[in-house]
Every structure is written in structure tokens, then in C-alpha cells.
Amino acid sequence: DGYAAADAIVRGFQQAAGDAVEFRGRPGDEAGDCWIYAVLTPQEWRELDALGGGVISNFFVPMPANG
């Protein structure tokens with residue numbers, strides 16, 4: 001399906017980038033027809049995660065390791 005293909009592409013980018021950046025996906029996208037991803041450095045994600053009681057997890061969550 002479309003989501004699985006998009007997810008595989010983003011996971012390929014993550015592998016190529018290594019630990020320099022972290023891709024995250026929008027919760028619930030696998031059930032829809034629009035998929036949104038964001039990429040920041042791990043430090044930037046930690047800073048966002050610490051703001052507002054973790055509100056960023058409403059918008060972007062780490063991608064599961066197993067895909």
C-alpha cells in the first residue's frame with residue numbers, strides 16, 4: 001500500500017543519514033491517505049520533547065524500529 005511504500009522510503013533515508021538526524025512520523029498516518037514526516041537532529045527532538053509536557057508527541061512520534 002501507499003503508506004508502506006512511503007514508510008520504507010523514509011526508513012531508507014534514516015539509514016542513510018545515520019545518527020545525525022532522526023525522522024519521526026505523525027501518529028495515525030498509517031490509516032489515512034496523507035503521510036507527514038519530520039526530521040531534526042536528536043538534540044532538537046530532545047528539546048522539543050521537553051517543552052510543554054511532551055506536547056510534540058501529539059504531532060510527531062519516533063518511528064517503530066521494526067517498521
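**Labels and their cut-offs**

Analyst: From the N terminus on, the chain runs α-β-β-α-β. This is a predicted model, so local features need pLDDT of at least 70 and side-chain atom pairs count only at pLDDT 80 or more, while totals for chains, interfaces and linings use all residues. Residues are numbered from 1 along each chain as its sequence is written, and side-chain values use heavy atoms, with hydrogens and water left out.

User: What makes a stretch count as a helix or a strand, and how many of them are there in the chain?

Analyst: Both are DSSP runs numbered from the N terminus: a helix is H or I over at least four residues, a strand is E over at least two. On that basis the chain has 2 helices and 3 strands.

User: What is the mean pLDDT of the chain, and which elements have the lowest and highest means?

Analyst: pLDDT is the predictor's confidence in each residue, from 0 to 100. The chain averages 89, and 96% of the residues score at least 70. As a reading rule, where pLDDT is low, the predicted coordinates should not be read in detail.

User: Why is threonine 41 called partly exposed?

Analyst: Buried means under 20% relative accessible area, exposed over 50%, and partly exposed in between (1.4 Å probe, protein chains only). Threonine 41 has 30%, so it counts as partly exposed. You'll find threonine 41 in the loop between strand 2 (37-40) and helix 2 (42-50).

User: What does threonine 41 touch, leaving out residues up to four places away in sequence?

Analyst: With contact meaning heavy atoms within 4.5 Å, threonine 41 touches Ala20 and Val21. Its C-alpha is also 8.3 Å from that of aspartate 19, 22 residues apart along the chain.

User: And alanine 31: why does it get its accessibility label, and where is it?

Analyst: Alanine 31 comes out at 74% relative accessibility, so it counts as exposed. The residue sits in the loop between strand 1 (22-25) and strand 2. Alanine 31 and alanine 16 are 15 residues apart along the chain, with 27 Å between their C-alpha atoms.

User: Why are glycine 28 and valine 55 labelled partly exposed?

Analyst: Glycine 28 has a relative accessible area of 43%, so partly exposed is the label; it is in the loop between strand 1 and strand 2. Valine 55, at 40%, counts as partly exposed too, and lies in the loop between helix 2 and strand 3 (61-62).

User: How many residues of the chain count as buried?

Analyst: Of the 67 residues, 18% count as buried.
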